[in-house]
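Have the chain open while you read.

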Amino acid sequence: MEQHVNLLPLPTLQGLSQTQRERLAFIEFRLYFLGDVARADVMTRFGLAPAGATRDFALYKELLPANLRLDGATKTYVITDSFVPAFEHSVERVLTALSQGFGDGLGPATGPLISCEVPASLNRPRLDVLAPVTRAIHRKKPVRITYTSTSSGTTERTIVPFAMVTDGLRWHVRAYDRHRQRFLDFVISRIDQATELTDDKVEGHERSLQDIQWNRIVELELVPHPGREYPEIAEKDYGMQDGVLRLKVRAAMAGYILRHWHVDCSENHELADRAFRLWLRDPLVLYGVETAELAPGYKAPSRAQ
């Protein structure tokens with residue numbers, strides 16, 4: 001779990017290497033979210049000898065003496081009442097570490113750090129498909145894929161991928177499709193084969209700057225569903241300000257997000273299913289958004305009249 005942002009004053013960090021910052025952030029993570037940290041924790045996480053771990057604790061204590069104290073009985077450092085975090089800990093990374101443990105991609109994660117129950121992912125792309133796609137994104141190259149779609153069945157096509165996206169359930173790749181001559185989303189788990197075309201050239205009209213839906217930003221105003229009781233619960237669950245959650249999203253992603261979050265996008269909040277706890281206050285913001293067809297209850301203006 002890397003920490004790239006810190007809250008320590010810059011003079012305090014002068015002379016520290018990136019690896020030192022990461023080890024200090026790990027010490028603080030254990031203190032903050034588990035309440036204690038031992039030399040063995042740092043040794044195991046970073047493959048350090050005892051002397052190296054001892055130096056890291058001495059450095060953290062020198063920089064932030066009020067954050068920890070040594071428990072003589074357990075020989076571990078524990079959090080103090082005056083603890084103040086010095087590093088910025090991303091909520092997403094914290095939850096991942098707590099529920100899955102730390103992992104560096106070279107093997108399995110270490111396992112949950114506290115008791116957590118996380119649903120298994122039902123959509124897991126194959127790595128031999130994912131790798132050439134991500135290489136092509138990084139190196140700006142086309143990819144020849146064998147793809148199965150609901151409209152065309154299984155076909156071979158060449159795409160120019162430029163971004164990975166997720167709707168919360170499935171991973172997609174955003175790409176220019178040379179066969180259909182337009183920008184589309186491709187579900188990675190539906191790709192059977194992928195070959196990076198390292199000698200092929202990407203044309204100007206195939207680049208992400210030409211993708212109108214990708215570059216268009218839509219501001220969504222989500223409010224508690226008027227047909228549900230206790231709107232204050234939705235306000236708390238979704239971190240609303242003044243009863244509104246404002247999101248700026250790419251048009252290419254808007255429909256996926258609204259579907260995943262079960263947002264009622266009908267004009268008169270008419271969806272009765274209680275799974276819809278949110279309502280899109282102004283459905284007209286979806287006009288011209290291609291993914292709007294995925295938004296629950298949405299009807300284009302011409303069809304609503």
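Here is a short tour of the aromatic pairs, with two of them in detail.

First, some ground rules: this is a predicted model, where local features need pLDDT of at least 70, side-chain atom pairs count only at pLDDT 80 or more, and totals for chains, interfaces and linings use all residues. Residues are numbered from 1 along each chain as its sequence is written, and side-chain values use heavy atoms, leaving out hydrogens and water.

Rings of Phe, Tyr and Trp (its six-membered ring) pair if their centres lie within 6.5 Å; planes under 30 degrees apart are stacked, over 60 edge-to-face, and the rest tilted. That rule gives 12 aromatic pairs. Here are two of them:

| Pair | Centre to centre | Angle of planes | Type |
|---|---|---|---|
| Phe26 and Phe46 | 5.6 Å | 85 degrees | edge-to-face |
| Phe162 and Trp214 | 5.3 Å | 80 degrees | edge-to-face |

Phe26 belongs to helix α2 (residues 18-34) and Phe46 to helix α3 (residues 39-46), so this pair links parts of the chain 20 residues apart. Helices (H or I, at least four residues) and strands (E, at least two) are DSSP runs, numbered from the N terminus. Phe162 in strand β5 (residues 153-166) and Trp214 in helix α7 (residues 212-215) are 52 residues apart.

How hidden are these rings? Phe26 is buried at 8% relative accessible area, while Phe46 is partly exposed at 26%. Buried means under 20%, exposed over 50%, and partly exposed in between (1.4 Å probe, protein chains only). Phe162 and Trp214 are both buried.

Phe26 and Phe46 also belong to one aromatic cluster, along with Phe29, Tyr32, Phe33, Phe83 and Phe102.
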